[in-house]
Amino acid sequence: MNTTAMEKTPSEVVLPACPFRQVLKGQKALVTGANSGIGKAVAIALGHAGADVVVNYVSDPESADQVTREAMRFGTRAYAHQADVAEEKQIEQMFERMFQELGTIDILVANAGIQKDAPLEEMTLDAWNRVLGVNLTGQFLCCRAAVREFKRRGVRPAISCAAGKIICMSSVHEVIPWAGHVNYAASKGGVMLMMKSIAQEVAPYRIRVNSIGPGAIRTPINASAWSTPEAHAELLKLIPSKRIGEPEDIGRTAVWLSSDDADYIQGTTLFVDGGMTLYPGFETGG
Ligand code: BGC
């Protein structure tokens, strides 16, 4: 009878060789909103780079489980944890469990984000509060919990030369105004100065804090902007590189930005946007 990998004890399982240098070996990462889109690609990329990963999600546990399985492909640990990032108690419990199961945290990717778009005069207070709650307050709560642990624990030189790394998932809309999306743009503008202020405050403790500012990435959040040929053609007018981004573009960036290779990068937003922030309207004018 054939035995499957699932039936073998861990020491018997022969894992496939990892094709990458595992620059995050031994590190413990938490990625919020990690069951789809950019968060999913980041969680998988961190796992493949050697980190143990907590896959936070708020709905759709099956997709979160799939992400944990893929993140563990090269022998690291991962588990899914349901929590709404806008809820303080749920965030505290999520970090408590992480410390019990994985011991500590080295990398936080505060990624969870939503859009609830409407023209200003039709935007409800609920749509405003919920977007700010998830996109900005949610990042604040996660950053605060991570920094407390980074400071308590300090640097472990065998693991990383930093006491901890935070990546806030921002957007090109931290600098590009976005009509019809004022709640979203306000949340990302807020993330920019929250991130920079935290970075300034905690840098002396060897805690690195930065953002990634994705442009148009092929994910469910903006499917209407790329899923028809007409919308796709319109979108490309805003992207000098003339391609939509893939979630893996962000995954690879997150691995590098959280690795010691990026040790001197502090308080900055790395735009990964095919040039969307380069005022594409000026390509031919001005
Ligand atoms: C938004 C997407 C949008 C992109 C570029 C992102 O932050 O979530 O919906 O396509 O910015 O405008």
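**View 1. A nonpolar surface patch in the predicted model.** L120, L125, W128 and V182 together form a nonpolar patch on the surface, with about 390 Å² of accessible area, where patch residues have over 30% relative accessible area and no salt bridge, and nonpolar side chains are joined within 5 Å. Accessible areas come from the Shrake-Rupley method with a 1.4 Å probe, and a salt bridge is a side-chain nitrogen of Lys or Arg within 4 Å of a carboxyl oxygen of Asp or Glu. V182 belongs to helix α5 (residues 182-202) and is partly exposed, with a relative accessible area of 32%; buried means under 20%, exposed over 50%, and partly exposed in between. This is a predicted model, in which local features need pLDDT of at least 70 and side-chain atom pairs count only at pLDDT 80 or more. Residues are numbered from 1 along each chain, and side-chain values use heavy atoms.

**View 2. The largest nonpolar core.** This core has 33 residues, and those with the most contacts inside it are L30, F95, I105, L108, I166 and V209; a core joins buried nonpolar residues through side-chain atoms within 4.5 Å. Its largest share, eight residues, comes from α4. Leaving aside neighbours within four places in sequence, I166 is in contact (heavy atoms within 4.5 Å) with residues including L108, F150 and V209.

**View 3. Aromatic pairs.** The structure holds three aromatic pairs, defined by ring centres within 6.5 Å, with planes under 30 degrees apart counted as stacked, over 60 as edge-to-face and the rest as tilted. W178 and Y184 form an edge-to-face pair, 5.6 Å centre to centre with 70 degrees between the planes; W178 is partly exposed at 27% relative accessible area, whereas Y184 is buried at 9%.

How values were computed. Patches are made of residues with over 30% relative accessible area and no salt bridge: like charges are joined within 9 Å, nonpolar side chains (Val, Leu, Ile, Met, Phe, Trp, Tyr) within 5 Å. Helices (H or I, at least four residues) and strands (E, at least two) are DSSP runs, numbered from the N terminus. Buried means under 20% relative accessible area, exposed over 50%, partly exposed in between (1.4 Å probe, protein chains only). Rings of Phe, Tyr and Trp (its six-membered ring) pair if their centres lie within 6.5 Å; planes under 30 degrees apart count as stacked, over 60 as edge-to-face and the rest as tilted.
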